[in-house]
Amino acid sequence: MGRNHGFTFWAPGALVVLLVLLASSTGHGEVGTGPSHRAEPVVPGRFIVLMNGAFDPAQVAADHAAIPLHVYRVASRGFAARLSDSQVNALRSDPRVNNVVADRKMTIAAKPGTGGGGTSGETIPTGIRRIDAEGVNATDDIGNTIVAIIDTGIDLDHPDLNISDDCRYNVYGGAPEDGNGHGTHVAGTVAAKAGSGGVRGVAPGATLCPIKVLDDTGSGAWSDVMAGIEYVTDKRVKFNEKDPAGIDIKVANMSLGGCAAIVFIWCLAEPPAGNDDCGKVDGTVQDPLHQAICNSTIAGVVYSVAAGNDAANALYFVPAAYPEVITVSAIADYNGLGGGRAKAPRGCNYGPDDSLASFSNYGETVDIAAPGACILSTYKGGGTKTLSGTSMAAPHVTGAIAALQPFAVTAGDKDAPRNLAMQALSKKSQSDVSCGFSGDPDNFHEPLVYVGQSSSLNCN
Ligand SMILES: [Ca+2]
Ligand SMILES: [Ca+2]
Ligand SMILES: [Ca+2]
């Protein structure tokens with residue numbers, strides 16, 4: 001386990017979030033039901049400073065002798081920096097400043113995976129078969145569709161992936177190589193090429209835009225994730241404005257998350273502040289990550305995000321809680337078929353076949369389910385690996401969105417990308433006799449993503 005927790009991949013195992021009961025007199029929420037680990041969600045000394053109106057964040061930073069780690073001008077308006085207590089106090093009383101919030105940590109909590117394919121030929125992963133995506137043709141339209149993977153980077157030399165030369169970002173500088181493997185795994189489920197060996201993704205050969213915001217141990221910070229969102233949003237806004245520097249990023253995958261509300265060093269079983277107003281409470285930005293994502297969806301980017309792996313209400317985790325994103329829960333499927341008749345493979349048991357995965361978060365903020373247990377996909381170093389988590393479910397939905405052709409979102413409405421994509425996606429209800437799944441613990445029965453391009457339906 002890493003030392004610090006607060007923002008993590010959603011893969012089961014080492015949980016990152018402590019759902020804690022504080023005395024009810026504090027007004028904080030109830031006891032979480034998920035497994036708990038001590039959390040230290042704040043990055044000591046590091047802050048995110050948000051502007052009022054159009055004031056120049058670089059000027060404000062300079063006026064306070066702050067050295068920005070990041071300056072945000074598109075998805076957010078502000079900067080991130082290490083600040084002393086006196087700088088924080090001075091910034092808070094500067095009328096150009098809307099708010100100064102503590103930056104929060106991120107830590108990987110990925111379950112160690114099992115070995116991948118060493119076989120010749122191409123393996124069609126069970127998740128691809130379960131949603132009938134194996135018949136999606138690798139068209140030019142899909143190849144030209146650009147998908148941002150906001151993660152640990154991507155193995156840039158992986159022979160099974162089509163990675164953009166123009167669209168790439170690394171918050172740490174240099175090439176966005178994936179020293180962890182998680183981002184490469186996510187990328188392969190979205191878009192591993194057809195007929196090239198390895199595995200096959202939902203939208204085979206789609207163009208991947210690596211956005212590296214978490215380091216090789218899976219650690220990072222909200223301010224770094226916001227920098228990745230800033231890059232994606234800036235490229236998309238420029239595309240909307242027909243600027244030659246623009247890039248038509250259609251959809252972004254975020255297989256990561258952190259606790260929605262914190263007090264001292266604990267995560268609370270509470271939704272994020274200002275969740276119905278893009279992170280604002282009475283005009284003050286309390287949740288800058290939410291504000292950044294709203295401005296990105298307003299620019300026309302669809303966000304597909306992991307629900308989280310705490311077997312808890314996804315409303316207590318971000319970005320899963322945000323209304324403007326598509327939040328994806330995970331089902332366990334072991335054979336690529338519906339019907340619930342398969343046994344879990346050795347060492348990879350997350351509940352009965354074709355049920356909500358035992359680790360998956362749930363609740364009203366979840367929009368759609370996808371396979372997320374024992375998923376084979378591409379991995380760093382050119383090969384493949386089997387991993388589990390809602391991290392693995394979200395890219396099935398991201399790929400399904402990328403495979404929708406034509407699919408266009410007009411900029412301007414924060415809810416439009418999510419709503420249009422949800423309407424356009426094919427889905428199967430939980431109660432579908434051949435395709436559905438069991439075990440949803442709440443009254444919000446999200447459907448299963450279903451691409452349905454195979455000539456022989458796999459649900460039967
Ligand atoms: Ca392949
Ligand atoms: Ca099954
Ligand atoms: Ca549900």
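This is a predicted model: local features need pLDDT of at least 70, side-chain atom pairs count only at pLDDT 80 or more; totals for chains, interfaces and linings use all residues.
Residues are numbered from 1 along each chain as its sequence is written, chains are lettered from A and ligands numbered from 1 in the order written, and side-chain values use heavy atoms, without hydrogens and water.

**View 1. The largest pocket holds about 280 Å³ of space.** Its lining has 17 residues; R104, A260, I262, A273 and Q286 are the closest to the centre. β6 (97–106) and β16 (261–263) each give two or more residues to the lining. β6 gives the most, with four. (Pocket: on a 1 Å grid over the protein atoms alone, an open set of points where a 1.4 Å probe fits, with protein on both sides within 12 Å along at least five of seven lines; lining residues have an atom within 4 Å of a point. Volume: the space filled by probe spheres set on the points, which are joined across faces, edges and corners. Strands: DSSP E runs of at least two residues; helices: H or I runs of at least four; both numbered from the N terminus.)

**View 2. P159 sits in the loop between β9 (146–151) and β10 (169–170).** P159 counts as exposed because its relative accessibility is 54% (exposed: over 50%; buried: under 20%; 1.4 Å probe, protein chains only). Beyond neighbours within four places in sequence, P159 contacts K193 and G382 (contact: heavy atoms within 4.5 Å). P159 and G383 lie 8.9 Å apart, C-alpha to C-alpha, yet 224 residues apart in sequence.

**View 3. Q291 belongs to helix α7 (residues 288–298).** Q291 is at 16% relative accessibility, so it counts as buried. Leaving out residues up to four places away in sequence, Q291 touches L50, A75, C278, K280 and V285.
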